[in-house]
Amino acid sequence: MCGRYAASRGPEDLAGIFEIEQWEPEETLAPDYNVAPTKEVYAVLDRPLKDVEDLRPVRQLRKLKWGLVPSWSKTPEGAARMINARAETVHEKPSYRRAFSTRRCIIPADGYYEWVTGKGERDLEVEGKKKRPRKQPYFVLPADGSVFAMAGLYEFWRDKTLPDDHPQAWWVTCSVITTEAETSPLAVAPEEGPHSLAEIHPRMPLMLTPDHWGPWLDPSRTDVDDLRSLLAPPPEGLMRAYPVTTAVSNVRNNGPELLKELEGPEEGTLF
């Protein structure tokens, strides 16, 4: 699952990493250390430019809304529930299959947050002494500090209640593809806590390694079996995870302090 992530890199940095050819300064987003569903996020995609005769795909950095709205949807309601698409079924689900065929993107991140219910809290819950266990958040990121390139899909939706020239007549939305979490040991694991991603959560965002960026973004690749081969998980041993403050659990909190590594889980959330 991916329900919250951090994205602090600016367009200049992302342009260099992904070889961006086109981005609009007015679409610049502030660093966001607590990206939540329905927020505007950066996405990398290959698509011809509007109002240009040359139809070749151009590598673009675009501002999209996180929470996919299918083109055939009558309303945008439900977008917040469509933030993730499962790699195992994305090619066949009506909400995602058209985008999977021709509208794929990369959603850049520093890493993502995931919550673990502490052992002490779980024990109390089992005993019926606590109904809402306190969960310890962990930040998961590439061990080498490189960009976390999440496989994504994007879609266009037309709000028919607005005129064509209205700035919000068209919505461009996206979803993160998830896969089964790795069961192998983390490259760097906390001394006290989970030692694999699967111990944190059974799902994780599908991270694309640089050799998969071009093939994934290429809109000319539409064969389903070919595309499904790109959904293979990355090599094991690339990730690290560490505990962070429970302040990240409140979406109103936002700042680099949310990424500060704690020496261990916060009191009351022992793993």
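**Exercise 1.** State which strands each supply at least two residues of the lining of the largest pocket, and which strand gives the most.

*Solution.* Step 1: the strands are β3 (40–47), β4 (58–66) and β10 (170–180). Strands are DSSP runs of E, at least two residues, and helices are runs of H or I, at least four residues, numbered from the N terminus. Step 2: β4 gives the most, with six residues.

The model is predicted: local features need pLDDT of at least 70, side-chain atom pairs count only at pLDDT 80 or more, and totals for chains, interfaces and linings use all residues. Residues are numbered from 1 along each chain as its sequence is written, and side-chain values use heavy atoms, without hydrogens and water.

**Exercise 2.** Describe the largest pocket by volume, central residues and class.

*Solution.* Step 1: the space is about 840 Å³. A pocket is an open set of points on a 1 Å grid over the protein atoms alone, where a 1.4 Å probe fits, with protein on both sides within 12 Å along at least five of seven lines; lining residues have an atom within 4 Å of a point. A volume is the space filled by probe spheres set on the points, which are joined across faces, edges and corners. Step 2: 26 residues line this pocket, and Glu-27, Arg-62, Lys-63, Trp-170 and Val-172 are the closest to its centre. Step 3: the lining has 11 nonpolar, five polar and 10 charged residues.

**Exercise 3.** Find the buried residues of helix α5 (residues 210–217) and say how they are arranged.

*Solution.* Step 1: Trp-213, Trp-216 and Leu-217 are buried, meaning under 20% relative accessible area (1.4 Å probe, protein chains only). Step 2: down the axis of α5, these buried residues fall within an arc of 85°, so they line one face of the helix. The arc is that of the directions from the helix axis to the C-beta atoms.

How values were computed:
Nonpolar A, V, L, I, M, F, W, Y, C, P; charged D, E, K, R; others polar. Buried < 20%, exposed > 50% of the residue type's maximum accessible area, 1.4 Å probe, protein only.
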